[in-house]
Amino acid sequence: MSKFLFAALMLTGFILQTCTVFAGGWTQAPGKGYFKLNEQLIKSDSYFQPSGRKTDITELSRYTTSLYGEFGLVDRLTLVGYIPFYQRISEDRHGSETKTGTGDWELGARIGLLTNRATVVSIQVMAGLPLGDSYTDQEVGLFTGDGEFNQLFSLQVGHSLWPTPGYLKAEIGFNNRESDYSDELRYALEAGFMAGERVGFSAWVRGAKAIGTDGEWTRNDQQYVSFGPEINLHITSNAGITAGVTKYTGAHNVLDAPAWDIGIFFKL
């Protein structure tokens with residue numbers, strides 16, 4: 001595999017499969033919050049090409065340690081952040097190169113439009129900060145960032161099924177990307193419920209559709225549909241552990257591998 005192709009795979013595949021957070025339309029009360037420390041693993045020896053066809057590649061691995069947080073600043077205004085503060089990326093062969101460092105951060109806010117009802121509606125604005133290493137002259141192209149400042153605008157809706165201990169969520173958004181990348185339409189659906197007082201289950205479908213490709217795909221145009229389950233075990237009423245997996249399909253420029261997640265969460 002050429003260095004150019006390998007760099008393209010790393011830049012498009014690994015960076016995309018990082019953040020799996022989907023919050024829905026609820027805002028946090030002032031002074032309250034939710035925080036999650038997460039470890040994600042992706043290993044892949046297959047890749048969705050720009051055409052959507054799969055191809056075999058040398059196995060690649062990425063470990064990402066991240067912090068996700070929500071904090072209620074004032075009524076109806078919640079600060080939101082996703083910080084992948086440590087990544088380790090490597091090509092899995094003897095004597096292979098390894099890259100470590102921070103990834104690209106996502107910081108923003110959620111504003112509640114309709115609150116204190118069974119159905120809530122919010123808007124969210126996130127900025128993607130290019131803090132990861134996207135230096136294009138790397139020897140083997142082990143990038144931890146994509147080098148672009150993007151903005152994601154989304155409309156979020158949540159619905160409580162109370163007195164049944166469950167919920168439904170939906171989201172649609174627009175990801176404004178820089179000139180080397182196609183803009184994206186983002187969407188998501190999620191459902192969850194509590195089985196007793198300590199165990200929660202959820203399942204989701206999330207996707208991104210590239211805008212303006214007109215059937216002519218380049219290595220920077222990304223598109224996918226993902227789905228997966230998650231389980232949350234409450235150790236106390238405000239803290240616990242979580243585990244989940246995300247699978248990608250119908251993809252362009254994405255690694256063909258599940259993303260495995262395990263973390264701990266805490267509620268203020």
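A count of 10 salt bridges comes out for this structure, a salt bridge being a side-chain nitrogen of Lys or Arg within 4 Å of a carboxyl oxygen of Asp or Glu. The model is predicted, so local features need pLDDT of at least 70 and side-chain atom pairs count only at pLDDT 80 or more, while totals for chains, interfaces and linings use all residues. Residues are numbered from 1 along each chain as its sequence is written, and side-chain values use heavy atoms, with hydrogens and water left out.

One of these bridges pairs Glu-230 with Lys-36, with 3.5 Å between the closest N and O atoms. Glu-230 sits in strand S11 (residues 223-234) and Lys-36 in strand S1 (residues 33-48), so this contact ties together parts 194 residues apart in sequence. Strands (E, at least two residues) are DSSP runs, numbered from the N terminus. Both partners, Glu-230 and Lys-36, are buried, where buried means under 20% relative accessible area, exposed over 50%, and partly exposed in between (1.4 Å probe, protein chains only).

Next comes Lys-54, whose salt bridge with Asp-256 has its closest N and O atoms 3.4 Å apart. Lys-54 belongs to strand S2 (residues 54-74) and Asp-256 to the loop between strand S13 (254-255) and strand S14 (259-267), so the pair ties together parts 202 residues apart in sequence. Here Lys-54 is exposed, at 53% relative accessible area, whereas Asp-256 is buried, at 14%.

Then there is Lys-99, bridged to Asp-133 with 2.6 Å between the closest N and O atoms. Lys-99 is in strand S4 (residues 98-101), and Asp-133 is 34 residues away, in the loop between strand S6 (119-129) and strand S7 (150-160). Lys-99 counts as partly exposed at 23% relative accessibility, and Asp-133 counts as partly exposed at 24%.

Finally, salt bridges also link Glu-148, Arg-177, Glu-184 and Arg-186 in a network.

Terms used: Helix = DSSP H or I, 4+ residues; strand = E, 2+ residues; numbered from the N terminus.
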